[in-house]
Amino acid sequence: MSAKAIREATGKTLLNNHLPAGVCAPCRFVPITEDTQWDDLPSQHSWLKSEKLVVKPDQLIKRRGKLGLIKVGTNFPGVKQWVGERMNKDQKVGKTIGKLRTFIIEPFLPHDQSEEAYVCIFSHRHGDTILFTHEGGVDIGDVDAKALKLDVAIEENITVKQIKEQLLTQVNGPRKEKAGAFIKALYDLYVDLNFTYLEINPLVITSTDIYIIDLAAKLDATAEFLCKAKWGEIDYPPPFGRDALPEEAFIADLDAKSGASLKLTILNEKGRIWTMVAGGGASVIYSDTICELGGASELANYGEYSGAPSEQQTYEYAKTILTLMTKDIHPKGKILIVGGGIANFTNVAATFKGIVRALQEYQAKLVEGNVSIFVRRAGPNYQEGLRVMREVGKTLGIPVHVFGNETHMTAIVSMALGKRPIPNEPTAVSHTANFLLPGGQNTAQSPRVDRKAENVPILNAVSPSKTAGQLFHANTKAIIWGMQTRAVQGMLDFDFVCSRPEPSVAAMVYPFTGDHKQKFYWGHKEILVPVYKSMADAMKKHPDADVLINFASLRSAYDSTIETLKFSQIRTIAIIAEGIPENLTRILIKKAGEKGVSIIGPATVGGIKPGCFKIGNTGGMMDNILHSKLYRPGSVAYVSRSGGMSNELNNLISLNTDGVYEGVAIGGDRYPGTTFMDHLLRYHDNPEVKMLVLLGEVGGVEEYEVCEALKNKRIVKPIVAWCIGTCAGMFSSEVQFGHAGACANAERETALAKNKALSDCGAFVPPSFDNLGEEVRRVYEKLLIEGIIVPRQEVPPPTVPMDYSWARELGLIRKPASFMTSISDERGQELLYAGMPISAVLEQGLGIGGVLSLLWFQRRLPTYATTFLEMCLMVTADHGPAVSGAHNTIVCTRAGKDLVSSLVSGLLTIGDRFGGALDGAARQFSEAFDKGLLPMEFVNDMRKKGQLIMGIGHRVKSLNNPDKRVEIIKDFVKKDFPVTPLLDYALEVEKITTSKKPNLILNVDGVIGVAFVDLLRNSGSFTQEEAEEYISIGTINGLFVLGRSMGFIGHFLDQKRLKQGLYRHPWDDISYVMPEHYSS
């Protein structure tokens, strides 16, 4: 939703902060909630004790004065009493009952009725309108009839003179000057802060100042990224009568952090019917159908998930709904409708797996609540998704009925409500990949009227030449803004299956990389598509491209579209992003209109012209394109707001007619770049199009333009029309549906009113969306009988190979992996260390030792073991700059090398002579111990072999000067390890070696090595085989490498910090020994 209502206190705060000083008196007010400390208020706002006061609720309630919800002229104790009598009490407003929880106190302003005025600013497609009347207040009456109007075009700067001449004709003297300056400043603020509606009634205009009494306002919430600094933190309250629940706030936060769309509004917490619907348009249609079938009072929620949410996000969304749903038990049991249209790009299986996880988690509560689940979905990988849902249905212990695109989208609603029988589980439809096999594309039989097979022309793609007024043709070339490789591959596959001679994608623009070529498939072979950093370069090198498909984010879509409009070759721009601020969208519409460019979107999936061209992900995967016969043109053209519902229309039209000629989703925002009429007139004037389909929705008045065209016979071809959102009037409080424009601000904007108007003007309007397919079929069959449509022979399309990655995801192929890993997994929502989420690693304080136990040993070790690992890292971290590894690191650093190069130069010195004694000591001592050699026998055996005993001996330390590191580790191991047989054995060896030389002590390498073996063998965490394997593969030496890396990095940083220059070894430290026979 874009236009969101704000509290009066919020609006007045914005005006106080941003109106120029002197144009009006500052608004003085105090917001009151149930947590307000009344005794502290007078000290913070002295006027509360010294002036008469006004108090009223601040909860988006209209006509508070007429409802008796304003207390005027009282004092502070009176305000406190009045609020106390109403706080948290039920209040009826119209047919809505809600609790009063937020109030606003203001000073009472004595004034004459003649000083009251009314001002309102509101936005529409082509600009803003300022309404003003010199009479204001509770009894203002019909504003539209009374008010003077000033229309302000997009980007127009109005003047005080215009305001005075057009709005202030009934205001005189100094009041006129003040009012003119105020309205000018108010409008500038309105535009700057991205208001969409601002009403002040009354506005008190005296000869000395202007006072804002009552205020109502809406902000364009999508402009937050532009206005955050000026707005501050904005609280958008729910409509009166509906409390904001923490679950709604959780989903809103989830939505804000996601590129997908996740919406949830709770209508009736104790309701019986709950929905979990994919798609903004589909979510409205399911709510419509539930209400039309008598379920309005039992409908618990409205919501939608769309835009390819991940499995984890869908899990969180489903879990939230199930939490609410299972709080109470309904005597008739509850119903969960998991619905949706045919997805364009959302992986149905991935989202369903998230839902399944939540269902399994709540199994006991679902059984206890006698819940029945009805599922209908289609789109990419939907067969796997439905299979997973059917499988879980067999284990949950509750009824789960699962359907795909063979079932009408809303049929599951009437099944759930007992209005139609539940059929047997349908036969599994052909798999996504069946079109790869001979005849695979023809396995699904369509119930459409058969095409004639003789004496009729073969149906080919439409004429390749560009026709006046048409956006796409068989040779259309497009430039893609953004690195959307999946969408581009989908377009190329569509081109291939349509038998286009050349790809429709001419080039891609991606400013974040240099110019290069991107590899794609064209049927069985590979082709290269150029990618440019500069849009100007792409346009210059591809002058035949006349369409730009803009995948830029909501923050950059405006700038990239403005840049596109500089190139006259572009005639059509599709803007995919949702959430572009409305002021920016309206500027784009204006500039595009001036240049004769058609904009599809924003907030759209695009459009499709079967046999010719498709925008991005429109039409979904190849199986849906083949199933809906989108590879060749039919006779029916449609226009819709919803991108998700456009794919449902593709399916519906293909099942009931000879197919789609062209279809466009204009986008769900309040101000789409092109309107229904723009496209309907194009279709109407194309002789290939025989009938039209319009899927409108609640909000806006664009459908009335269609009514006018029907009345004045501008449209004479048959048009089947339906406006979704008929349920809106059945809710006790206002509901903002999934699309930003789907909200009625007047009776005329309701779906019911539009459907009636369209029907009255001659459009074919079905009783409900449930009957839309039947109505389309009825009109089509009439055209067949009249000979207006002549069926043509089907021509099978060429087969398109499936991408390897997608085939693997579908489970159609398998291949040995190139790598195997068992220590970590980054593929999910959270990084896993040996199966343990990283959040748990941090929350449980595993530390470095715990992380090592997971990554090196794939298990959690006892605390003493992880402490030992950390001690080893600490004592091996450094041993001064003179050792070979540190020396190498320092020399490399002083040669100007980077951190990694310097670190590696030090690490490469580690081996048998430096650092490698850990592994050697562990191996020698354990072999001797395992053979049963006495310590003396071990020493004598090593002497006979002429080998040094690894881990014995030190250059500096001795019995008389013991190594403190060794003492600390030895004491810890003896105290905390269960048993230490190998350490004890090594200490016995030390007694023998030190009897010969006092410096032949068990050194730090030796004590770590033998203690590590004791840990592996005797901790109970490893088998004997595992322990030996870890010793043999170099695990113990890894401790030295990891620990000493810390020291090497320290030396690198130290040398850089000291700014040491290039090292050259001094001559006097080198013994130069030349061959004697050359000395003469």
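Reader: What makes strand S5 (residues 90–93) and S6 a pair?

Author: In this predicted model, S5 and S6 share 4 bridges in the antiparallel sense. Two strands pair if DSSP finds at least two bridges between them, so S5 and S6 qualify. Strands are DSSP runs (E, at least two residues) and helices are runs of H or I, at least four residues, numbered from the N terminus. The hairpin has 2 residues between the strands, and Gly-94 in the turn has a positive phi of about 65 degrees. Residues are numbered from 1 along each chain as its sequence is written. Local features need pLDDT of at least 70, side-chain atom pairs count only at pLDDT 80 or more, totals for chains, interfaces and linings use all residues, and side-chain values use heavy atoms, without hydrogens and water.

Reader: Why is Lys-365 called partly exposed?

Author: Its relative accessible area is 44%. Buried means under 20%, exposed over 50%, and partly exposed in between (1.4 Å probe, protein chains only), so Lys-365 is partly exposed. Lys-365 is found in helix H13 (residues 363–368).

Reader: Why are H34 and H35 called oblique?

Author: Their axes cross at roughly 140 degrees. Under 35 degrees counts as roughly parallel, over 145 as roughly antiparallel, 65 to 115 as roughly perpendicular and the rest as oblique, so H34 and H35 are oblique to each other.

How values were computed:
Axes are lines fitted to C-alpha atoms, for helices over the stretch in contact, and angles run from 0 to 180 degrees between N-to-C directions.
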